[in-house]
Amino acid sequence: MYEKNRENKGKEITMLHQGSWFSSLMILSAIFSLTSFMLKSEGANHTVGDSSGWELLTNYTNWTQGREFHVGDVLVVSNSILAKICLSSSTVFNYNKDQHNVMQVNSTAYADCGRDNYISLFTNGNDSIIISEVGEHWFICAMYDHCENGQKLSINATL
C-alpha cells in the first residue's frame, strides 16, 4: 500500500510540475501579446512633407508613397524652424496660423477643395491630429487658394 501511494505521489508531483510549466507559458504569452499591443498602440509620428513641412507646392501624394499609416499614428505638420528642430519628440501640428490651417474633410471636399462641409478645422497653429480610425482620411489647407495649388493630403490608415 505504501509503495502504491509513493507512485501516485510521484505522478502528482510530475503533473503539478507540468501544470506550473503550462501556467508560466500562458503568462509569458499574455505578457508578450500585451507588450506588442502597447507598442503598436503608441503610434508613429509622421512629419507631413518631411523637411518641406505643411506648405504650398509640396507634392503630398509623392510624400505618402511607401509610407504606412496606422490607427494611433500622429500627423506632424510643420513649417517653423523650431518645430523642425524638435520633430523627434513633437506630436503637434505647427504652422503659421495667419498663413495656413488644417481642415479634415470628406473625399468630395478633398477632390473639389470644398470648404463648406468639413469634419474638423485646426486653426491654432499648435494642434495634434491623431489618426483614430481605420480608413481614408483627407486634409486640406483652406486658406486662400492653397488647396487648389496642392496643399492637401490623403492617407489610408490600417490597424
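**Confidence, fold and contacts**

Tutor: The pLDDT is the predictor's confidence in each residue, from 0 to 100. Helices (H or I, at least four residues) and strands (E, at least two) are DSSP runs, numbered from the N terminus. This is a predicted model, in which local features need pLDDT of at least 70 and side-chain atom pairs count only at pLDDT 80 or more, while totals for chains, interfaces and linings use all residues. Residues are numbered from 1 along each chain as its sequence is written, and side-chain values use heavy atoms, with hydrogens and water left out.

Student: Which stretches have a pLDDT below 50?
Tutor: Residues 30-41 are one such stretch, and beyond near neighbours in sequence they have three contacts in the model. Residues 80-91 also fall below 50, with 18 contacts counted in that way. Contact means heavy atoms within 4.5 Å.

Student: And what does the protein average?
Tutor: The average pLDDT is 74, and 62% of the residues score at least 70.

Student: OK, the fold. How many helices and strands are there?
Tutor: The protein has four helices and 10 strands. From the N terminus on, their order is α-β-α-β-β-α-β-β-α-β-β-β-β-β.

Student: What share of the contacts joins residues 24 or more positions apart?
Tutor: Such pairs make up 65% of the contacts with a separation of 6 or more.

Student: How much of the protein is buried?
Tutor: Of its 159 residues, 34% count as buried. Buried means under 20% relative accessible area, exposed over 50%, and partly exposed in between (1.4 Å probe, protein chains only).

Student: Which residues touch the most other members of the largest nonpolar core?
Tutor: They are V48, W54, L75, V102, F139, L153 and I155, out of 18 residues in that core. A nonpolar core is a set of buried Ala, Val, Leu, Ile, Met, Phe, Trp, Tyr and Cys residues joined through side-chain atoms within 4.5 Å. The elements giving two or more residues to this core are α2 (60-64), β3 (74-77) and β10. Strand β10 gives the largest share, three residues.

Student: What does L153 touch?
Tutor: Leaving out residues up to four places away in sequence, L153 touches V48, W54, Y60, W63, T64, L75, Y110, H137, W138 and F139.

Student: Where is V102?
Tutor: V102 lies in strand β5 (residues 102-105) and is buried at 2% relative accessibility. V102 and I140 are 38 residues apart in sequence, and their C-alpha atoms are 5.9 Å apart in space.

Student: Switching to rings. How many aromatic pairs are there?
Tutor: The count is two. Rings of Phe, Tyr and Trp (its six-membered ring) pair if their centres lie within 6.5 Å; planes under 30 degrees apart count as stacked, over 60 as edge-to-face and the rest as tilted. W54 and Y60 have ring centres 5.2 Å apart and planes at 45°, so this pair is tilted. W63 and F69 form a tilted pair too, with 5.9 Å between centres and 50° between planes.

Student: Are W54 and Y60 buried or exposed?
Tutor: W54 is buried at 1% relative accessibility, and Y60 is buried at 2%.

Student: What about charges? How many salt bridges does the structure hold?
Tutor: It holds one, between the side chains of R115 and E148 (2.9 Å, N to O). R115 is in the loop between α4 (107-112) and β6 (120-122) and E148 in the loop between β9 (135-140) and β10 (152-158), so the pair ties together parts that are 33 residues apart in sequence. A salt bridge is a side-chain nitrogen of Lys or Arg within 4 Å of a carboxyl oxygen of Asp or Glu.

Student: How exposed are R115 and E148?
Tutor: R115 is partly exposed at 24% relative accessible area, and E148 is partly exposed at 48%.

Student: Last one: what is the phi of C113?
Tutor: The phi of C113 is positive, about 55°, although C113 is not a glycine. Most residues other than glycine have a negative phi. C113 is found in the loop between α4 and β6 and is buried at 7% relative accessibility. Y144, in the loop between β9 and β10, also has a positive phi, near 50°. Y144 is exposed, at 61% relative accessibility.
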